[in-house]
Amino acid sequence: MAKFQLRWGILATGGIAETFGRDILLNPVTRGIHDIEHVIVAAAASSSQSRARTFLDKIGAPSSAVAYGSYQELTQNPDVDIIYISTPHSHHYQHCMLCLEAGKNVLCEKAFTTNAEQLKLVIRKAREKKVFLMEAVALEGMDKINSGVIGTVYRTFADLSMLSTPESLPDTHRLVSPKLAGGVLLDTGIYALTWIFQTLFTTQENPAPPTVLSTLRKYRLGTDEQVAVLLTFPREVDGDAHGIATASVRTSTDPDGRGTAGPAVRIQGSKGEIQVTHPAFRPTHTKIIFTDGKVEEKEWPQPGPGLGSGWYNGFRNEAGGVLNQEGEGHGMFWEADECAFALRDGRKESQHQSLAESLLVMQVMDQVRAQNNILFPDEIETTDYPIAI
Ligand SMILES: NC(=O)c1ccc[n+]([C@@H]2O[C@H](COP(=O)([O-])OP(=O)(O)OC[C@H]3O[C@@H](n4cnc5c(N)ncnc54)[C@H](OP(=O)(O)O)[C@@H]3O)[C@@H](O)[C@H]2O)c1
């Protein structure tokens, strides 16, 4: 049977686009997937065409891949089925609308948009154009991790804190700049919130949105550098469940890089708890501790071409990060595979992370920002489109 081929366009050529590009160029057979394939047919850099060409060469894209010096041109390429958007989240609203208006399917990096009002319009546009739309935040393996083995879940703690020194970054860096919707909530806090939603919300039959209490510590530019969010999920049958989501750039979930500090995520239920090792965006180890004393540990290695391949991937920027082991994928191909399966099967959403859940998480982040007076400039909060930012 012929493989289903998904033809990608990459919009923006920064750090995570490189990681994504390398991952999806890996043969899906290395992860046991035989019926789909990914092809990168084009990439666009806003700064110059030569930057897009350099990017394509660097990740090892086929020489036939087209390089553009503007995002608009990319959206007009008829050979592009789906566009991966990897600009800073301040720009996602404008760029999602650009791609959707052109009738393209979209995989957009997290955080989906700057605020929930923007996301509502993006979802509406995708439905109007009858195209696929997904936020690149899905957590692979969640269904296996989260399969009810610990009974009724009452509480989830989740932290994604990666120590860096904001002072060492230029004030224009996307992690700290208000103009680029900087701050730890939208950058890593979103993963902590996603763990909480996936364990306390998505698992419920008729889930109700949580109430939200929060506090945060601000960086000198007015963006958040440390945040704590307390969520209460009302449940008809089992009573309230609590989620505690935290994120920081002043402290680390894993200060020595060896897991000594313990788990990044703890999902606690009536029969025990599931612990997930840092980092919460790419978990590779879990431990289940049952109340009867039994302990089950499991590795979830990311597939790839393996040791001896001389192939490396990972994510590193000025704020930190590490390369993965030789031959080990980063795990971004799972999201790309889900896009391929969805388009092959005629689905317009991910089956792992619904658009309704992405919107609720965005609404929670709006509430946290409102409670703590985190404001971004009007041009990136607006729902006007198109505007130049
Ligand atoms: N899933 C993950 O694990 C993960 C990890 C890191 C980041 N992210 C997300 O991915 C997005 C990009 O992060 P990144 O670390 O790749 O950022 P980055 O390295 O700064 O790259 C951002 C890219 O966007 C383009 N861009 C367009 N307008 C821009 C503007 N006004 N200011 C800055 N850049 C602009 C840039 O230029 P060109 O168009 O010329 O290329 C650049 O290549 C963010 O939303 C972030 O939250 C996800």
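Predicted model: local features only at pLDDT ≥ 70, side-chain atom pairs only at ≥ 80, totals over all residues.
**Helix 4 against helix 5**

From helix 4, I noted Tyr-93, Cys-96, Met-97, Leu-100 and Glu-101. Their partners in helix 5 are Gln-118, Leu-121, Val-122, Lys-125, Ala-126 and Lys-129. Sorted by class, this contact has seven nonpolar, one polar and three charged residues.

Next I looked up the geometry of the pair. Helix 4 covers residues 92-101, and its axis lies 10 Å from that of helix 5, at an angle of about 10 degrees. Angles under 35 degrees count as roughly parallel, so helix 4 is roughly parallel to helix 5.

**Helix 5 against helix 9**

I stayed with helix 5, residues 116-129, and turned to helix 9, residues 355-371. Their axes come within 9 Å and cross at roughly 165 degrees. An angle over 145 counts as roughly antiparallel, and therefore helix 5 and helix 9 are roughly antiparallel to each other. I wrote the crossing down as right-handed.

Which residues of helix 5 meet helix 9? I found Ala-116, Leu-119, Lys-120, Ile-123 and Arg-127 on the helix 5 side. On the helix 9 side I listed Leu-355, Ser-358, Leu-359, Met-362, Gln-363 and Asp-366. This contact divides into six nonpolar, two polar and three charged residues.

**Helix 7 against helix 9**

Helix 9 has another partner in my notes, helix 7, which spans residues 184-200. Here the axes come within 10 Å and cross at roughly 125 degrees. That makes helix 7 and helix 9 oblique to each other, and the crossing is right-handed.

For helix 7, I noted Leu-185, Leu-186, Ile-190, Leu-193, Thr-194, Phe-197 and Gln-198 in the contact. They meet Glu-357, Leu-360, Val-361, Met-362, Val-364, Met-365, Val-368 and Arg-369 of helix 9. By class I have 11 nonpolar, two polar and two charged residues.

**The cavity**

How many cavities of 30 Å³ or more does the structure hold? I found one, and the volume of the largest cavity is about 80 Å³.

I then went through its lining. Ser-164, Pro-166, Leu-169, Leu-175, Val-176 and Gly-183 are among the lining residues. Val-184, Tyr-219, Thr-223, Asp-224, Glu-225 and Val-249 belong to the lining too. I sorted the lining into seven nonpolar, three polar and two charged residues. Val-184 lines the cavity, and residue 184 also falls within the span of helix 7.

I finished with the backbone. Where are the cis peptide bonds that I noted? One runs from Lys-110 to Ala-111, with omega near -20 degrees. Ala-111 sits in the loop between strand 5 (105-109) and helix 5.

Another cis peptide bond joins His-278 and Pro-279, with omega about 0 degrees. I placed Pro-279 in the loop between strand 12 (272-276) and strand 13 (285-290).

My last entry is Lys-130. Its phi is near 55 degrees, a positive value in a residue other than glycine.

Methods:
Residues numbered from 1 in each chain as written. Heavy atoms only, no water. Axes fitted to C-alpha atoms, helices over the stretch in contact; angles between N-to-C directions. Helix = DSSP H or I, 4+ residues; strand = E, 2+ residues; numbered from the N terminus. Parallel < 35°, antiparallel > 145°, perpendicular 65-115°, else oblique. Left-handed = near helix turned anticlockwise from the far one by under 90°. Contact = heavy atoms within 4.5 Å. Nonpolar A, V, L, I, M, F, W, Y, C, P; charged D, E, K, R; others polar. 1 Å grid on protein atoms, 1.4 Å probe; cavity = no way out; pocket = protein on both sides within 12 Å on 5 of 7 lines; lining within 4 Å. Points joined across faces, edges and corners; volume = space filled by probe spheres on them.
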